[in-house]
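Here are my notes on the model, as numbered points. Please read them with the structure open.

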Amino acid sequence: MVSTDNAPAPAPDGRAAAPAGTAKRQLPSFLVIGVLSTLFYLGLYVVARQVVDQQAANLIALAVSAVANTAANRRFTFGITGSEGAVRHQLQGAVAFLIGLGLSSGALALLALLAPHASRVVEVAGLIVANGLATVVRFVLLKVWVFRTR
């Protein structure tokens with residue numbers, strides 16, 4: 001059956017499919033959300049770093065910002081509204097969070113090994129690099145697995 005509206009066809013398992021979208025349309029939204037999420041994450045990291053060690057600060061900041069990032073991408077990048085599937089999307093987004101946590105924790109551990117007395121500015125610079133790598137992985141996971149379009 002051909003639909004005359006722009007609503008997505010149901011997925012084979014009966015769930016509503018995400019609205020169709022191309023990477024070309026989705027990428028600008030993803031980038032804006034990514035920049036805002038990174039700034040939020042780095043701000044949380046700097047604040048948390050005043051009271052806990054670098055690994056704990058990273059975990060706290062990344063966990064909080066990852067939930068917000070997944071929710072924002074769900075709505076604005078992939079056009080999914082409503083609460084249906086939100087918990088599943090957050091759980092799937094947790095995989096991207098774990099990859100990002102591995103990259104950022106690894107960067108901090110490497111920095112602690114190579115430059116144990118590095119400044120906060122150097123810590124943050126290392127996190128920016130790790131976050132950049134994690135962002136590429138996150139977009140691919142969100143596009144092809146979490147919010148896959150039909």
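1. Start at Leu 127. Leaving aside neighbours within four places in sequence, Leu 127 is in contact (heavy atoms within 4.5 Å) with Tyr 41, Leu 42, Tyr 45, Asn 58, Ser 104 and Leu 108. This is a predicted model: local features need pLDDT of at least 70, side-chain atom pairs count only at pLDDT 80 or more, and totals for chains, interfaces and linings use all residues. Residues are numbered from 1 along each chain as its sequence is written, and side-chain values use heavy atoms, with hydrogens and water left out.

2. Leu 127 also belongs to the largest nonpolar core, which has 13 residues. Tyr 41, Leu 42, Tyr 45, Leu 62, Phe 97 and Leu 127 have the most contacts inside this core. H1, H2, H3 and H4 each give two or more residues to the core. A second, separate core has 7 residues, including Phe 30, Phe 78, Ile 80 and Phe 139. A nonpolar core here is a set of buried Ala, Val, Leu, Ile, Met, Phe, Trp, Tyr and Cys residues joined through side-chain atoms within 4.5 Å. Buried means under 20% relative accessible area, exposed over 50%, and partly exposed in between (1.4 Å probe, protein chains only).

3. The overall layout is simple to state. The protein has 4 helices and 0 strands, in the order α-α-α-α from the N terminus. Helices (H or I, at least four residues) and strands (E, at least two) are DSSP runs, numbered from the N terminus. Of the 150 residues, 36% count as buried. Among contacts with a separation of 6 or more, 72% come from residues 24 or more positions apart.

4. Look at H4 next. Its buried residues include Val 124, Ala 130, Asn 131, Arg 138 and Phe 139. The buried residues of H4 pack against helix H1 (23–49), helix H2 (54–77) and H3. What does H4 span between its end C-alpha atoms? H4 spans only 34 Å, whereas a straight helix of 27 residues would span 39 Å at 1.5 Å a residue. The expected span is 1.5 Å times one less than the number of residues.

5. Check the charges around Glu 123. The count comes to 2 salt bridges, each a side-chain nitrogen of Lys or Arg within 4 Å of a carboxyl oxygen of Asp or Glu. Arg 49 and Glu 123 meet at 3.2 Å, N to O. This pair links distant parts of the chain, with Arg 49 in H1 and Glu 123 in H4, 74 residues apart. Both Arg 49 and Glu 123 are buried.

6. Arg 120 also bridges to Glu 123, with the closest N and O atoms 3.9 Å apart. These two are 3 residues apart in H4, so about one helical turn separates them. Arg 120 is partly exposed at 40% relative accessibility, while Glu 123 is buried at 4%. Arg 49, Arg 120 and Glu 123 are linked in a network.

7. Finally, the surface. A nonpolar patch of about 810 Å² includes Val 95, Ile 99, Leu 133, Val 137 and Trp 145. Helix H3 (86–114) and helix H4 (120–146) each give two or more residues to the patch. H4 supplies the largest share, 7 residues. Val 95 lies in H3 and is partly exposed at 34%. Patches are made of residues with over 30% relative accessible area and no salt bridge: like charges are joined within 9 Å, nonpolar side chains (Val, Leu, Ile, Met, Phe, Trp, Tyr) within 5 Å. Areas come from the Shrake-Rupley method with a 1.4 Å probe; for residues, only the protein chains shown count as cover.
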